[in-house]
Amino acid sequence: MEAARFERTVRTESSEIFNVFGGARRIGRVDIHYGRFEVHATLLLDVELTDDELQALIDQLDEELVQTHDPECEDFLVTVYKAEELGFYSDEFESEDDDEDEEEEDDR
């Protein structure tokens, strides 16, 4: 597997979320939470990786994202899941659907 590319989607004072790409396709997402002495990450993979590929990805996350944000980090803790995205949900999208449902009911 070639080196991964990370695209940040969210950033707060103490956390970040990145989509992880391998070439042109998304291979997963990582949520990183910066603590006082350690950094916790949840890595959600869309694809199967070998143990070597997974370790290389974790090393790359540490070098490119964690160490550049907090070089004093004492420990980088990663939990890895094989996941399948089922959809994206938002209050805003839900309210638009509700408005359409109400309009349909009003038309009856």
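Which residues does Ser15 touch, not counting residues up to four places away in sequence? Ser15 touches Val10, Ile32, His33 and Tyr34, where contact means heavy atoms within 4.5 Å. The model is predicted: local features need pLDDT of at least 70, side-chain atom pairs count only at pLDDT 80 or more, and totals for chains, interfaces and linings use all residues. Residues are numbered from 1 along each chain as its sequence is written, and side-chain values use heavy atoms, with hydrogens and water left out.

Ser15 belongs to strand β2; strands (E, at least two residues) and helices (H or I, at least four) are DSSP runs numbered from the N terminus. With a relative accessible area of 15%, Ser15 is buried; that term means under 20%, whereas exposed means over 50% and partly exposed lies in between (1.4 Å probe, protein chains only). The side chain of Ser15 is also joined to that of Thr12 by a polar contact of 2.7 Å. Such a contact is a pair of N or O atoms within 3.5 Å; within protein, one must be able to donate a hydrogen and the other to accept it, and residues adjacent in sequence count only if both atoms are side-chain atoms.

Across the strands, Ser15 stands opposite His33 in β3, and the bridge partner of His33 in β4 is His40. Strands β2 (residues 15-22) and β3 (residues 25-34) run antiparallel and are joined by 8 bridges; two strands pair if DSSP finds at least two bridges between them. In their hairpin, which has 2 residues between the strands, Gly23 takes a positive phi near 70°. A hairpin through 3 residues leads from β3 to β4, and 7 bridges join these antiparallel strands.

The 5 strands form an open sheet of mixed pairing, in the order β1-β2-β3-β4-β5. Strands β1 (5-11) and β5 (75-82) stand at the edges, each with a single partner strand, so one side of each is left without a neighbour in the sheet. Strand β5 runs parallel to β4, and 8 bridges join them; the partner of Glu38 in β5 is Asp75. Helix α1 packs on the sheet, touching β1, β2, β3, β4 and β5.

The largest nonpolar core has 21 residues, of which Phe6, Val30, Ile32 and Leu57 touch the most other members. Such a core is a set of buried Ala, Val, Leu, Ile, Met, Phe, Trp, Tyr and Cys residues joined through side-chain atoms within 4.5 Å. Helix α1 gives the most to this core, with 5 residues.

Technical notes. Axes are lines fitted to C-alpha atoms, for helices over the stretch in contact, and angles run from 0 to 180 degrees between N-to-C directions.
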